[in-house]
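Please look over the model shown here before reading on. The note is meant to be checked against it point by point.

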Amino acid sequence: MIPELGHFALILALAVALVQGTLPLLGAARGDIRLMDLGRTAALTQALLVIVAFGALTQAYVTSDFSVANVVANSHSAKPMLYKISGVWGNHEGSMLLWALILALFGAAVALFGAGLPDTLRSRVLAIQALIGVGFLAFLLFTSNPFERVAPAPLDGNGLNPLLQDPGLAFHPPLLYLGYVGFSVTYAFAIAALLEGRVDAAWARWVRPWTLAAWCFLTLGIGLGSWWAYYILGWGGFWFWDPVENASLMPWLAGTALLHSAIVVEKRDALKSWTVLLAILAFSLSLLGTFLVRSGVLTSVHAFAQDPARGMFILGFLLFVTGGGLALYAWRAPQLQGGGLFQPISREGALILNNLLLCTLAATVLLGTLYPLFLDLLTGNKVSVGPPFFNATFVPICAPLFAALCVGPYLGWKRAELWPALLRLRVAFIAAVIAAIVAATAIDGRATLAALAFGFGVWLILGSLSEFGQRLVRTGFRLPPRASLGMTIAHAAMGVVVLGAVGTGAWNSELMQTMKPGDRASFHGFDVKLERVESLNGPNYVAERATLLLSAGGKSYTVLQPERRLFTVQRRQVAETAIHTNLLRDLYATLGEGDAGNGWVIRLYYNPLAPWIWLGAALAALGGFVSLSDRRLRIGAPQGGKRARTRPAVQAAE
Amino acid sequence: MTPKRKRLWLVVGSLAVLGFAATLVLTALNDNIVFFYSPTQMAEKQIPPERRFRMGGLVEAGSVKKSADGQETRFRVTDTNKTVDVAYRGLLPDLFREGQGVVAEGSLGADGVFVAREILAKHDENYMPPEVAKALKDAGQWRK
């Protein structure tokens with residue numbers, strides 16, 4: 001009964017979305033306030049209906065209702081509760097429902113907090129948001145219905161893929177989707193602005209918080225995914241340039257560019273049409289990511305079950321969203337009048353350089369990801385483009401971006417002098433050079449790219465902090481606005497990520513050894529002893545667990561207990577790594593195959609600075625949230641200055 | 001500076017960055033593309049040793065053997081038409097199994113054995129890598 005209720009709610013939501021996507025547009029064109037107001041009611045109703053549908057599916061999972069095909073395929077009665085719930089979005093149908101839910105919730109948020117927006121703009125934004133919703137709801141209902149029944153109902157389910165039964169992965173998809181779908185709001189704002197034929201500072205003040213929020217969630221989602229890959233896949237890497245990872249990186253890069261160009265629109269009334277274009281591209285890249293994951297066109301560790309029908313649907317939707325958006329852009333963008341003039345050396349100029357480089361990075365990733373597809377279509381050759389390609393293209397383009405990143409905040413709007421800015425960065429520069437030289441001589445023994453990258457990491461941190469420090473001194477130690485504080489945190493966080501990536505990627509070392517209980521090995525000054533290997537039973541798996549005693553200088557240091565779990569329902573093995581971290585380095589152990597007669601294969605990694613990668617990602621998101629909490633960015637908050645809208649906001653988004 | 005000259009600078013600057021990126025991309029594509037060959041294609045083509053490429057097919061049933069120290073695995077990969085010996089040193093992904101599809105990246109050793117440096121893992125056990133599906137289809141053996 002309840003699954004049918006969910007199914008019915010989903011059908012109703014589609015009907016409501018169709019109304020919400022058409023009538024308010026008509027109302028905005030005709031100036032009919034009643035039709036425009038319909039958008040708000042419809043957005044709230046649609047959100048409510050999708051919540052009911054999502055709740056119905058969650059209920060089916062929690063109570064292990066095995067008459068629902070989706071639950072049978074992805075759940076099992078013996079699964080821990082956390083993974084019963086995360087199983088809702090651990091599969092294709094459920095994750096699409098989660099996507100539709102977040103989309104509808106964001107639409108409702110615009111309806112609730114958008115009282116300060118002009119009526120026509122708000123109704124158009126809500127309509128565009130609803131049209132995207134129509135696409136996803138139709139996709140769910142026609143190709144991936146999560147409420148399909150199966151008769152007769154089996155006694156138990158097939159269980160969730162063991163690799164996904166992990167706390168890190170339970171929260172990875174929701175965060176990632178909050179990011180992807182967040183860009184749908186900026187897309188809706190961009191299309192609405194094109195329909196209105198007007199982009200102004202008030203528009204940018206709306207777009208920037210949404211971009212920022214989406215960016216923060218996307219950053220957290222990518223970071224969590226990378227952390228999960230690091231500790232579960234068992235080979236110590238954190239980024240594999242896998243097509244699906246690239247699919248999340250592209251909207252992140254475009255979103256980062258959008259974040260910066262929206263500042264120029266807000267403060268200087270310039271770069272309008274470029275910002276609108278970026279908003280269209282950021283969401284298109286999010287959709288492209290979905291297409292790549294769902295259609296199975298690329299070989300990837302993530303691939304969901306392949307289904308050409310689903311792939312064609314999303315491809316068609318992607319063409320509609322991107323093509324439609326770009327066509328509208330080509331038609332209407334020339335009407336967007338550019339505002340403030342500026343010199344090449346200025347804050348605006350620096351932000352243009354930032355956008356140029358970030359977009360080039362996104363294009364490079366796009367090309368490397370899609371190239372195998374093109375070559376296959378054109379010549380039939382199967383190729384793959386792996387880490388060497390990205391290391392040879394992505395990394396060199398990062399260098400000018402990182403070099404300029406610290407200089408930009410020193411430049412004033414409109415016109416600025418480069419030399420005084422550089423002079424004020426001399427301490428950070430000298431420290432970075434020393435760091436690079438020390439890294440080259442002490443760690444690598446020669447000048448290497450890793451040492452150079454290490455210098456860049458130090459430059460990013462110290463350059464951002466020195467701007468912050470000098471500003472503090474100049475203002476008599478008054479804390480700067482939160483937007484600027486957030487910028488400093490996020491910029492420095494990039495340096496933290498770079499240092500972590502260099503340490504783990506270039507300076508790690510590993511040891512692989514076959515050991516029997518009682519055997520010893522020496523690794524990085526530690527004496528490693530395999531104490532025992534024992535069997536144990538988990539809730540839905542049996543495992544072998546090795547106990548490794550690490551001691552240094554005769555004193556016991558730590559115990560690592562890597563496991564190999566055999567999930568009984570799926571008959572599948574998953575390695576559970578053991579990691580000891582002191583925030584400066586990770587000691588990382590995995591247990592391979594083996595038995596008492598021949599011993600077990602033990603693999604040990606020493607990963608310097610590894611935790612900094614995820615620490616940096618978390619810091620970057622924190623910077624974003626700090627900036628988001630700035631009063632001036634608060635959605636609907638009244639603005640000072642001559643462009644301010646005088647109408648006070650009804651609600652503030654807290 | 002007149003707006004016209006400024007626009008010119010902007011265009012020149014953008015072109016310079018894009019040109020730089022294009023150069024990087026083209027050289028990187030030349031050097032770093034990894035081709036996929038099925039066992040049949042490997043037999044047909046003369047692949048020089050040390051050239052890095054990917055190969056894949058089904059892990060032949062009963063062919064998986066461990067070395068004495070348990071660290072090296074040898075197995076045969078087949079597209080049902082031709083078969084290739086593969087050697088891999090390291091931990092196998094959790095989904096590696098006889099009779100299942102596999103994709104390996106590495107190069108040919110002097111003795112004709114494919115030395116894998118990486119065995120690709122998959123999330124889903126029902127998932128058949130598209131390359132392997134195509135290789136099997138080309139060998140005339142693929143049935144859904």
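1. Basis. This is a predicted model, in which local features need pLDDT of at least 70, side-chain atom pairs count only at pLDDT 80 or more, and totals for chains, interfaces and linings use all residues. Residues are numbered from 1 along each chain as its sequence is written, and chains are lettered from A and ligands numbered from 1 in the order in which they are written.

2. Confidence. Over residues 636–654 of chain A, pLDDT stays under 50. For that stretch the model has 32 contacts beyond four places in sequence, a contact being two residues whose C-beta atoms, placed from the backbone, lie within 7 Å. Where pLDDT is low, predicted coordinates should not be read in detail.

3. Domains. Chain A is divided into domain 1 (1–160), domain 2 (168–311 + 348–402), domain 3 (403–508) and domain 4 (509–608); such bounds come from an automatic or database domain assignment. The centres of domain 2 and domain 3 of chain A, taken over C-alpha atoms, are 25 Å apart. Their contact takes 13 residues from domain 2 and 12 residues from domain 3. On the domain 2 side, helix 9 (243–268), helix 12 (347–379) and helix 13 (387–405) of chain A each give two or more residues. Helix 12 of chain A gives the largest share, five residues. Helices (H or I, at least four residues) and strands (E, at least two) are DSSP runs, numbered from the N terminus.

4. Helix 6 and helix 7. Helix 6 (residues 119–143) and helix 7 (residues 167–196) of chain A pack at about 130°, with axes 8 Å apart. Axes are lines fitted to C-alpha atoms, for helices over the stretch in contact, and angles run from 0 to 180 degrees between N-to-C directions. The two helices are therefore oblique to each other; angles under 35 degrees count as roughly parallel, over 145 as roughly antiparallel, 65 to 115 as roughly perpendicular and the rest as oblique. Residues of helix 6 in the contact include A:Ile128 and A:Ile132, and those of helix 7 include A:Phe189 and A:Leu195.

5. Helix 7 and helix 9. The axes of helix 7 and helix 9 of chain A are 11 Å apart, at an angle of about 45°. This pair is therefore oblique as well. Among the residues that meet are A:Tyr180 and A:Phe183 in helix 7, and A:Pro251 and A:Gly255 in helix 9.

6. Helix 16 and helix 17. In chain A, helix 16 (residues 449–474) and helix 17 (residues 482–506) have axes that come within 8 Å and cross at roughly 160°. That makes helix 16 of chain A roughly antiparallel to helix 17 of chain A.

7. Backbone details. From A:Ala151 to A:Pro152 the peptide bond is cis, with omega near -5°. A:Pro152 sits in the loop between helix 6 and helix 7 of chain A. A:Leu583, a residue other than glycine, has a positive phi, near 70°. A:Leu583 belongs to the loop between strand 9 (578–581) and strand 10 (585–595) of chain A.

Methods. pLDDT is the predictor's confidence in each residue, from 0 to 100.
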